[in-house]
Amino acid sequence: MIKNKNILISGGAGFIGSHLFENLIIKDNYIIIIDNFNDYYSGKEENIEEITKNYEKFKDFDLIRGDLLNKSVFEEINCDIDIIFHLAAQPGVRYSIEHAGKITNNNIISTLNILEYADKNNVKKVIYSSSSSVYGNPIYTPVDEEHPKNPISPYAISKLCCEMYVDYFFRENNLPTSSLRFYTVYGPRGRPDMAIRKFLNLIFQDKEITIYGEGEQLRDFTYISDIVNGLILAAESNNSSGEAFNLGYSNPISVNQLVEKMSKIANKPKNIIYADKQKGDVDITHSDINKAKTILNYHPQISIDEGLQKTYDWLRKNMNK
Ligand code: NAD
Ligand code: UGA
């Protein structure tokens, strides 16, 4: 168990970062978050609040509101860091088509700055949050880590480039690193631009859902607590030699099936319009997780039905978000 460590979480005010923060702060770790609270979506202040209001221990936590593109942000770090979880990025596969320059600059330079900081300051481990999108449209499924990388969006290209830096810093500088390829993550505090949060909100309001394409695209939706476990297992592992690991649930469903399940859980009719397939959207994500199972002892627990119910319950309580 990661305990009594000094941990930097970049992007800790975001969806995945806030869950990792919540998990680690209760185990007597000293947590530093760096986040620039960018305006891609609102609710990040509330993410932090939802956690800190529940824990007396929030005094052991330091929030640096700053941008990783500006190296002076690292001067605000007041201790030797043991582990960095690098989650900060501009996400959004479809958004990246129109914002290629912004995504490229933000994601790659912030990752390079993190790695250089880690290298100079003898950080013991850097865990990078990569994406299933690096594979593009699979030529076989399930997709293992050796599958060719054919990214079809600027976002996916940026994530693959960062992985290459992560591997490079291990090979050339012996900095212990790993890349984790997450598969469409969902749960409480989920990103409002992503299908699950967006659709549930629309269903609650009896509004129309827009499905891109025919809705037969498959996604390996993965619940947030399984991703947080995977992040921690990777940080605990002796294998930090720049390699990448898939972190998925490994049981994909189609977007049409997803909406069907949501309508049952919410006990509301589904009201769908179909629109054009979006550029950058892959047809299938389906992880082969044998490598993570064997090396990291990663065993995802939460089925899509259970995860959707938990997400629904949280959203019911937070309808104004
Ligand atoms: P998110 O947008 O909720 O969190 C990212 C956080 O990083 C945000 O709070 C944002 O303000 C911050 N940030 C962005 N650029 C920054 C910068 N230059 N300096 C400081 N802070 C900055 O996204 P998320 O869904 O929690 O994703 C976290 C990570 O996981 C990202 O790297 C993303 O690419 C990766 N990922 C996410 C998913 C998913 O399904 N959510 C899947 C695969 C990979
Ligand atoms: C998600 C994240 O947004 C990326 O950050 C991440 O890198 C990626 O997962 C990953 O797995 O690596 P995506 O799969 O596009 O990307 O997730 P959603 O935005 O939730 O979309 C899922 C599917 O629903 C897509 O096929 C999308 O086209 C569809 N969708 C989404 C709609 O049909 N309508 C919408 O309004 C939104």
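1. A polar contact is a pair of N or O atoms within 3.5 Å. By that cut-off, R191 qualifies: one of its polar side-chain atoms lies 2.8 Å from an oxygen atom of ligand 2. Keep in mind that this is a predicted model.

2. Now the shell around ligand 2. It holds 22 residues, and the closest are R94, S131, S132, R219 and D281. By class, eleven are nonpolar, six are polar and five are charged. Helix α6 (195-204) and strand β8 (209-212) each supply at least two residues of this shell.

3. Next, strand β6, residues 177-182. How many of its residues are buried? Six of six, so the strand is mostly covered, with buried meaning under 20% relative accessible area. In a regular strand, side chains alternate between the two faces of the sheet. In β6, T177, S179 and R181 point one way. S178, L180 and F182 point the other way. Both sets are buried.

4. What are the pairing partners of β6? Strand β5 (residues 125-131) runs parallel to β6 and is joined to it by six bridges. Within this pair, V126 stands opposite T177. Between the two strands the chain passes through helix α5 (residues 154-173), and this β-α-β crossover is right-handed. Strand β11 (residues 241-247) also pairs with β6 in the parallel sense, over five bridges. There, F245 of β11 is the bridge partner of L180.

5. One peptide bond to check is T141 to P142. It is cis, with omega near -10°. P142 sits in the loop between β5 and α5.

6. Two non-glycine residues have positive phi. R189 has a phi of about 65° and lies in the loop between β7 (185-186) and α6. S250 has a phi near 75° and lies in the loop between β11 and β12 (253-254).

7. Is each of these two residues buried or partly exposed? R189 has a relative accessible area of 3%, so it counts as buried. S250 is at 26%, so it counts as partly exposed.

Notes
Residues are numbered from 1 along each chain as its sequence is written. Chains are lettered from A and ligands numbered from 1 in the order in which they are written. This is a predicted model: local features need pLDDT of at least 70, side-chain atom pairs count only at pLDDT 80 or more; totals for chains, interfaces and linings use all residues. Side-chain values use heavy atoms; hydrogens and water are left out. Buried means under 20% relative accessible area, exposed over 50%, partly exposed in between (1.4 Å probe, protein chains only). Helices (H or I, at least four residues) and strands (E, at least two) are DSSP runs, numbered from the N terminus. Two strands pair if DSSP finds at least two bridges between them. A crossover is right-handed if, with the strands pointing away from the viewer, the path from the first strand over the helix to the second runs clockwise. A residue is near a molecule or strand if one of its heavy atoms lies within 4 Å of it. A polar contact is a pair of N or O atoms within 3.5 Å; within protein, one must be able to donate a hydrogen and the other to accept it, and residues adjacent in sequence count only if both atoms are side-chain atoms. Ala, Val, Leu, Ile, Met, Phe, Trp, Tyr, Cys and Pro count as nonpolar, Asp, Glu, Lys and Arg as charged, and the others, Gly among them, as polar.
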